[in-house]
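Good morning, and thank you for joining.

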Amino acid sequence: MSGLARDRFPAAISAGLLSCSKEAAVYGGCIKTLLPEVERGVCDREFQILKSCMRAALRHALAKSS
């Protein structure tokens, strides 16, 4: 990652979390229902949706600030 992108990354993460708050809440809710017995992959569908949203939001935020 270039120095310029590294400098913009924290703001891009913040923008991603704001853009994907619904998806993050759904994923967090899935994990919460399974506590303390969370196993790898049990909320994979919700995680993949959150991951896709975050990638798109990061890509957009980093492209916008360049």
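This is a predicted model: local features need pLDDT of at least 70, side-chain atom pairs count only at pLDDT 80 or more; totals for chains, interfaces and linings use all residues.

Which side chain of opposite charge is nearest to E46, and how far away is it? It is R45, at 4.1 Å; Lys and Arg count as positive and Asp and Glu as negative, with His and the chain ends not counted. E46 has no salt bridge, that is, a side-chain nitrogen of Lys or Arg within 4 Å of a carboxyl oxygen of Asp or Glu.

Residues are numbered from 1 along each chain as its sequence is written, and side-chain values use heavy atoms, leaving out hydrogens and water.

E46 belongs to helix α3; helices are DSSP runs of H or I, at least four residues, numbered from the N terminus. Setting aside neighbours within four places in sequence, E46 contacts V26, Y27 and C30, contact being heavy atoms within 4.5 Å.

Let us turn to E23, in helix α2, residues 21-34. E23 is partly exposed, because its relative accessible area is 21%. Beyond four places in sequence, E23 touches I49, L50 and C53. The C-alpha atoms of E23 and I49 lie 6.8 Å apart, with the two residues 26 positions apart along the chain.

Finally, L35 sits in the loop between α2 and α3, the latter spanning 44-64. L35 is exposed, since its relative accessible area is 54%.

Note on methods:
Helices (H or I, at least four residues) and strands (E, at least two) are DSSP runs, numbered from the N terminus. Buried means under 20% relative accessible area, exposed over 50%, partly exposed in between (1.4 Å probe, protein chains only).
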